[in-house]
Amino acid sequence: MEETLEAFNELITEGKVRAIGASNFKAWRLERARQIAERNHRQSYSAIQQRYSYLRPKSGWDFGDQVAANQDLFEFIEDTGISLVADSPLLQGAYTNPNKEFKEQYQGPDTDIRLAILDKIAAETGATRNQLVYYWLMNRKPNAIPLIAATTDEQFEEAVGSLELELSEDMLKAMTEAKF
Ligand SMILES: NC(=O)c1ccc[n+]([C@@H]2O[C@H](COP(=O)([O-])OP(=O)(O)OC[C@H]3O[C@@H](n4cnc5c(N)ncnc54)[C@H](OP(=O)(O)O)[C@@H]3O)[C@@H](O)[C@H]2O)c1
């Protein structure tokens, strides 16, 4: 980790890179990096990219090398102010594409209740499920930057449309608190 940070900092010093980010790091590894960087007067990671969507992986989930955002990470982010980038926010399109299924890890106890609240707010606002997922990621605390991986212009327009949404605090709260 010391070597990696040293190499990244050389790129920053040379002006080739402005800031550095990590992905699939648990909170303790980010904290270790932060301490090493501080000790060596180097820049540490200013962003973390993690698997993160509106549906919550069920307890004991396993994504192989991928790490999902969890409460430890949220607390680290709130404490340090680093940015959270959400990858796979649409769960490969499963929120809206009837030909795709949510991975088994996402078929947890609060999946049905969360999908029901998405559909309720979608009916009330005219937004799509995908737009609500992006909106929630961008507006809940700590907020995240969703990675958009649209494959058509229509999907891109739908994604960008989430920036125009204005949901009430009650709606955002209802989405966040929808739990089994
Ligand atoms: N760091 C890591 O370990 C890691 C892991 C996974 C992914 N990533 C990165 O995360 C990014 C997102 O990847 P992902 O495919 O997993 O993202 P995603 O948000 O889970 O799924 C994107 C897919 O959803 C469908 N879709 C339907 N409506 C959409 C809309 N309005 N906007 C965007 N997509 C829509 C499309 O599939 P169809 O074309 O089938 O309709 C699209 O390819 C990529 O840049 C990827 O490299 C990083």
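Predicted model: local features only at pLDDT ≥ 70, side-chain atom pairs only at ≥ 80, totals over all residues.
**Exercise 1. Find what share of the contacts in the chain with a separation of 6 or more comes from residues 24 or more positions apart.**

Step 1. Contact means heavy atoms within 4.5 Å.
Step 2. Among the contacts in the chain with a separation of 6 or more, residues 24 or more positions apart account for 74%.

Residues are numbered from 1 along each chain as its sequence is written, and side-chain values use heavy atoms, with hydrogens and water left out.

**Exercise 2. Describe the chain by its elements, its box and its surface.**

Step 1. Helices (H or I, at least four residues) and strands (E, at least two) are DSSP runs, numbered from the N terminus. The chain has seven helices and four strands.
Step 2. Read from the N terminus on, their order is α-β-α-β-α-β-α-α-β-α-α.
Step 3. Taken along the principal axes, the box filled by the C-alpha atoms is roughly 55 × 35 × 30 Å.
Step 4. Accessible areas come from the Shrake-Rupley method with a 1.4 Å probe; for residues, only the protein chains shown count as cover. The chain has an accessible surface of about 10600 Å², and carbon and sulfur atoms hold 48% of that surface.
Step 5. Buried means under 20% relative accessible area, exposed over 50%, and partly exposed in between (1.4 Å probe, protein chains only). Of the 180 residues in the chain, 42% are buried.

**Exercise 3. Determine how α5 sits in the structure and what its buried residues pack against.**

Step 1. Helix α5 spans 129–139. Because nine of its 11 residues are buried, α5 is largely enclosed by the rest of the structure.
Step 2. The buried residues of α5 include R129, N130, L132, Y134 and W136.
Step 3. These buried residues pack against β3, α4, β4, α6 (153–161) and α7.
Step 4. Take L132 as an example. Leaving aside neighbours within four places in sequence, L132 is in contact with L118, I121, A122, A127, L165, L167 and M175.

**Exercise 4. Identify which residues of the largest nonpolar core touch the most other members.**

Step 1. A nonpolar core is a set of buried Ala, Val, Leu, Ile, Met, Phe, Trp, Tyr and Cys residues joined through side-chain atoms within 4.5 Å.
Step 2. The largest such core has 51 residues, and those touching the most other members are L30, I48, Y52, Y54, Y95, L132 and M175.
Step 3. Two or more residues each come from α1 (2–13), α2, α3 (71–80), β3, α4, α5 and α7 (169–177).
Step 4. Helix α5 gives the most to this core, with six residues.

**Exercise 5. Compare H41 and L91, two residues with positive phi that are not glycines.**

Step 1. H41 has a phi of about 55 degrees and is placed in the loop between α2 (27–39) and β2 (47–51).
Step 2. With a relative accessible area of 71%, H41 is exposed.
Step 3. L91 has a phi of about 50 degrees and lies in the loop between β3 (83–87) and α4 (111–125).
Step 4. L91 counts as buried, at 5% relative accessibility.

**Exercise 6. Locate the cis peptide bond that joins K141 and P142.**

Step 1. The omega of this bond is about -5 degrees.
Step 2. P142 belongs to the loop between α5 and β4 (144–146).

**Exercise 7. Work out which residues come nearest to the ligand and how much of the ligand the protein covers.**

Step 1. A residue is near a molecule or strand if one of its heavy atoms lies within 4 Å of it. There are 21 residues around the ligand, of which S88, Q92, K100, T151 and E158 come nearest.
Step 2. A polar contact is a pair of N or O atoms within 3.5 Å; within protein, one must be able to donate a hydrogen and the other to accept it, and residues adjacent in sequence count only if both atoms are side-chain atoms. An N or O atom in the side chain of S23 is 2.9 Å from a nitrogen atom of the ligand.
Step 3. An N or O atom in the side chain of N24 is 2.9 Å from an oxygen atom of the ligand.
Step 4. For L90, a backbone N or O atom lies 3.0 Å from an oxygen atom of the ligand.
Step 5. On its own the ligand has 900 Å² of accessible area, and the protein covers 71% of this area.
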